[in-house]
Structures are given as C-alpha cells and as structure tokens.
Amino acid sequence: MILRITAAAALALAGLAVSAPASATGKMTCDAPQAKWKSIPALEARLKKQGWQVRKSKVDGGCYEVYGTDPKGNRVEAYFHPVTFEKLLVSRRGEVLFKKK
Amino acid sequence: MSRRALPKYLFWVLLALPAAMLVSGFWNRPEGVYPGDFLHPSGEFSARLIILALVLTPLSQLLPRSRIVRWLLRHRRAIGVAAFGYAVLHLVFYVLDMEGFGNMLAELGAPAIWTGWLAFLCLLVPAFVSNDRAVRTLKGTWKQLQRLAYPAAILTLIHWALIHDGLVPALANFAPLALLQLIRLFRFTRNRTNPQRSTT
C-alpha cells in the first residue's frame, strides 16, 4: 500500500516537472532601476564593435544576458549590467570563463 | 485505452510524432530561431523516454495488474530505441548549432558537454542490439549490454543538470525513476534476507 502511494507520488512529481514554468536563473542579478536601463540594441551594437557576434539577448535577473561568440571565438553566454554595460559574467556550458571581481 | 493491443507500427508512429514536429519546426524556422533552440525539446524527449523505459520494470512489480504498464512493457524496445532516436536528433541539432568541429572541441572539456557525449555512447550500444537477431546471438551478454541504459540515464541526468541551469527540472524528471529503482532495490534485498515474507 505504502509502495503504491509512493509510486503515485512519484508520478505526481513527474506531472509537476512537466508543467514547471521557466523563471530567472539566479546566476547573476542586477538591481538597477528599470527606468535607467539602456536598450538591448545599444548593448548589441557596442558588443559587435568589440568583436562579439550576438545571437540572442534577453533580460535575466535584471541583467542583460547575451548568447553569442566572444572576440576570442568562444561560444558563450554572457551577462552585462543594463545601465553601465559592464561585463559581469561569461560562461561556456556552465564553465565560468570570466567573472567580475 | 483499448484492450486490444495497439499495432506495433502505430506505436512507432506515436513515438515519432514529436520528432516529426521538431524537424518540421526546424525546417520552417523563422529568422532569429537557431538549431540550438531545438536542443532542449529533443533532449528532453530523449531523457523522458529513457526514464519511461527504465521505470516500467519496477512499476510492473508494484502494479502487476496494471494494463497500461503491461502494455508499455510490451513496447519497451520501441521506447528505448526512440530514446536513442531523439538523442541522435539532439546531437544533430547540436552539431548544426555549433557551426564547426572546432567549436565543439573547444567545449568538450566542460562537464555539461562530455557527460552528454558519454550518455550518447552508452545509449548507442543497447540501441544497436535492440533486435531479435542480437538477442539470439548475444544470449547472456545481451542483457548486460541493455543495462548500459542505466549509466546512460545517470549521465543524462548530470548533463541536463549542468547545462543551462537545469538542476531543478532534471531532478524532478528523474525523481520517479530514482524512487522506483530504490523501492525495487529495497524489495530485492528484503526478499533476499527474509524469503518467507510476502512482497505485497
């Protein structure tokens, strides 16, 4: 009986996993007031000038998160401050390549 | 669910349907959508099919009368091979997304990546011996080769957890499998130490 309940709980958990919503990742957070943010296209233009190739950009944890290729040719995911555009974190498949001190 | 067994080919079609949708979605992708955007769904299908294939035996021990479990158990080979099929699709999207082997090599050392490759290699073997001829010729070895699905599952879990903040969804997806296998182990050891006790 207990085993059956456990099995049912396991199935319920699986159902929950299927319906779990995506949210902020928490890898990096910025708390600048949104009114002061500069635009994403402005960040992309600046990065391209520095030799980045940008594929996608979005907001994550109040920072700008950019997917693309850095000037060294690494395929990375990078976080930038939405106001200063300061580079905060660069990682490749979970490996941290750069982190602001 | 109908009491009559669903014809085998219909089950295959059912398993291939999400793949067909992914491929057609990829073919008709609008600008700004990359092969990498298809990594998550293809990988997730593969992982869930591995999980499904591996929960069926412990589930059937817990629920010996369940018709659905028995029915799925009859189609377990198809489920396992489909898990491999989705892993292949996942790999194809990865190769297309990385645009060159140099990029793939550069990140091979990342645990999130090499666990994925290893999981794929582990799945490759059981997939290739998933036919009646291999069952006949390999005899006892066949079962052992099929058991590579377990390390494949564990590696897939790690791969998923490490890649793109996937810890919570990966654990949630694999929890039922872990739980059922634990119950199976518990019952197995209990029966061994105390053979008189019933298992119900």
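Where in α1(B) does the kink of about 35 degrees lie?

Modeller: The kink lies at Ala16(B), shortly before the proline Pro18(B). Keep in mind that this is a predicted model. Helix α1 of chain B covers residues 8–27, which is 20 residues. How far apart should its ends be? At 1.5 Å a residue, the helix should span 28 Å, and its end C-alpha atoms are 28 Å apart, so the two values agree.

Compare another helix of chain B. α6(B) has 18 residues. From first C-alpha to last it reaches 26 Å, close to the 26 Å expected. Its buried residues include Ile113(B), Ala119(B), Phe120(B) and Leu123(B). Gly116(B), Cys122(B) and Pro126(B) are also among them. An α-helix has 3.6 residues a turn, so residues three or four places apart point the same way. What do the buried residues of α6(B) pack against? They pack against α4, α8 (140–146) and α9 of chain B.

Now the core. Nonpolar side chains tend to be buried together in soluble globular proteins. The largest nonpolar core here has 42 residues. Leu49(B), Ile50(B), Ile51(B), Ala53(B), Ala83(B) and Leu123(B) touch the most other members. Five elements of chain B give two or more residues to this core: α2 (39–62), α4 (76–98), α6 (111–128), α9 (149–162) and α10 (167–193). The largest share, 13 residues, comes from α2(B). Take Leu49(B) as an example. Beyond its neighbours within four places in sequence, Leu49(B) is in contact with Ile79(B), Ala82(B), Ala83(B) and Tyr86(B).

Ala178(B) sits in helix α10 of chain B. Ala178(B) counts as partly exposed because 16 other C-beta atoms lie within 10 Å, while a buried residue needs 20 or more. Ala178(B) and Ala112(B) are 66 residues apart in sequence. In space, their C-alpha atoms are 21 Å apart.

One loop of chain B deserves a stop. Glu99(B) lies between α4 and α5 (101–106) of chain B. Its phi is near 50 degrees, a positive value in a residue other than glycine. With 13 C-beta neighbours inside 10 Å, Glu99(B) is partly exposed.

Next, chain A. It has 2 helices and 5 strands. Along the sequence they follow the pattern α-α-β-β-β-β-β. Of its 101 residues, 22% count as buried. The strands form an open, antiparallel sheet in the order β1-β2-β3-β4-β5. Its edges are β1 (53–60) and β5 (95–99) of chain A, each pairing on one side only. From one strand to the next, the twist averages 20 degrees. Helix α2 (residues 40–49) of chain A packs on this sheet and touches β1, β2 (63–69) and β3 of chain A. The direction of the helix makes about 145 degrees with that of β1(A).

Walk along the sheet. β1(A) and β2(A) pair over 7 bridges. Asp60(A) stands opposite Cys63(A) in β2(A). The two strands form a hairpin with 2 residues between them. Gly61(A), in that turn, has a positive phi of about 60 degrees. β2(A) and β3(A) come next, paired over 6 bridges. Gly68(A) stands opposite Val76(A) in β3(A). This hairpin has 5 residues between its strands, and Gly73(A) in the turn has a positive phi of about 95 degrees.

Then β3(A), residues 75–80, meets β4(A), residues 87–92, through 4 bridges. Glu77(A) has Ser91(A) as its bridge partner in β4(A). Phe85(A) lies in the loop between these two strands of chain A. Its phi is near 65 degrees, positive although the residue is not glycine. Phe85(A) is partly exposed because it has 14 C-beta neighbours inside 10 Å.

Methods
Residues are numbered from 1 along each chain as its sequence is written. Chains are lettered from A and ligands numbered from 1 in the order in which they are written. This is a predicted model: local features need pLDDT of at least 70, side-chain atom pairs count only at pLDDT 80 or more; totals for chains, interfaces and linings use all residues. Two strands pair if DSSP finds at least two bridges between them. Axes are lines fitted to C-alpha atoms, for helices over the stretch in contact, and angles run from 0 to 180 degrees between N-to-C directions. Two residues are in contact if their C-beta atoms, placed from the backbone, lie within 7 Å. A nonpolar core is a set of buried Ala, Val, Leu, Ile, Met, Phe, Trp, Tyr and Cys residues joined through C-beta atoms within 7 Å. A residue is buried if 20 or more other C-beta atoms lie within 10 Å of its own, exposed if 12 or fewer, and partly exposed in between; C-beta atoms are placed from the backbone. The expected span of a helix is 1.5 Å times one less than its number of residues. The bend at a residue is the angle between axes fitted to the seven residues ending there and the seven starting there.
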